[in-house]
Amino acid sequence: MILRFLRNKLVEVEPRPDGTLLVSWRLTDDLLKAEVRLTIQLPDMEILEAEAEMDRFIPKGCESASELIKKVEGINIGSGLRKIVNGLLGGPDGCSILVNAVLESANAVILHFTRPGLQLGETITDPDEKLAAVRTMVQSNPRLVRSCISFQDDSPIMQGLNL
């Protein structure tokens with residue numbers, strides 16, 4: 001007997017005329033259909049509105065997804081988000097699908113802002129120019145400092161920046 005299982009997941013970030021971002025996260029597979037929509041207020045990246053819908057086979061803990069997702073309204077996308085979202089939506093009585101939806105949506109928002117800069121940086125071929133561009137980026141975005149191994153105090157990128 002051959003068993004087949006198909007899963008599609010899509011995350012989209014759309015800038016809106018009012019200055020907010022609309023993030024749509026959709027998961028469709030043979031058992032479940034789920035959708036989460038988040039409205040993000042800039043520049044703080046605060047989740048203003050959160051909506052969720054689930055159809056077909058709904059896992060235990062996710063029966064009240066449309067009410068549960070409201071718990072993330074008012075939190076900001078930034079440091080500690082994983083712990084906050086797991087605390088609000090996860091746990092033994094929570095909905096891991098909503099946890100993943102919010103975290104993947106937050107990643108999409110971050111990529112929405114970082115992708116253009118990364119693409120521009122890839123056009124620089126001179127290693128010294130590239131290093132200078134990365135240092136400028138770190139100076140303009142202090143949240144990057146110590147956020148990953150590339151931006152630790154002893155990294156070549158961070159030498160001489162005194163941040």
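Student: Which residues form a nonpolar patch on the surface?
Tutor: F5, L31 and F57 do, and together they have about 350 Å² of accessible area. Before we go on, please note that this is a predicted model, where local features need pLDDT of at least 70, side-chain atom pairs count only at pLDDT 80 or more, and totals for chains, interfaces and linings use all residues. Residues are numbered from 1 along each chain as its sequence is written, and side-chain values use heavy atoms, with hydrogens and water left out.

Student: What makes a group of residues a patch?
Tutor: Patch members have over 30% relative accessible area and no salt bridge; nonpolar side chains (Val, Leu, Ile, Met, Phe, Trp, Tyr) are joined within 5 Å, and like charges within 9 Å. The areas come from the Shrake-Rupley method with a 1.4 Å probe, and for residues only the protein chains shown count as cover.

Student: Why is F5 called exposed?
Tutor: Buried means under 20% relative accessible area, exposed means over 50%, and partly exposed is in between (1.4 Å probe, protein chains only). F5 has a relative accessible area of 51%, so F5 is exposed. You will find F5 in the segment before β1 (7-15).

Student: How many bridges join β2 to β3, and how many join β3 and β4?
Tutor: Eight bridges join β2 (residues 21-29) to β3, and β3 pairs with β4 over 10 bridges. Both pairings are antiparallel. V23 has L38 as its bridge partner in β3, while V36 stands opposite A52 in β4. The hairpin of β2 and β3 has two residues between the strands; the one of β3 and β4 has four, and there M45 takes a positive phi near 55°.

Student: Why is β3 described as largely enclosed?
Tutor: Seven of the 10 residues of β3 (residues 32-41) are buried, so the rest of the structure largely encloses this strand.

Student: What makes R7 and D29 a salt bridge?
Tutor: A salt bridge is a side-chain nitrogen of Lys or Arg within 4 Å of a carboxyl oxygen of Asp or Glu. The closest N and O atoms of R7 and D29 are 2.8 Å apart, so the pair qualifies. R7 lies in β1 and D29 in β2, so parts that are 22 residues apart in sequence are tied together. D29 is buried at 6% relative accessibility, whereas R7 is partly exposed at 45%.

Student: How many salt bridges does the whole structure hold?
Tutor: The search finds seven. Among them, K9 and E104 meet at 3.1 Å, N to O. This pair links distant parts of the chain, with K9 in β1 and E104 in helix α3, 95 residues apart.

Student: How do you know that C62 and C95 form a disulfide?
Tutor: A disulfide is a pair of cysteine sulfur atoms within 2.5 Å. From S to S, C62 and C95 are 1.9 Å apart, so they pass the test. By this rule the count is one disulfide. C62 lies in the loop between β4 (46-56) and α1 (65-68), and C95 in the loop between α2 (81-89) and α3 (96-122), so the link ties together parts 33 residues apart in sequence.

Student: Are these two cysteines buried or exposed?
Tutor: C62 counts as buried at 3% relative accessibility, and C95 is buried at 0%.

Methods
Pairing = 2+ DSSP bridges.
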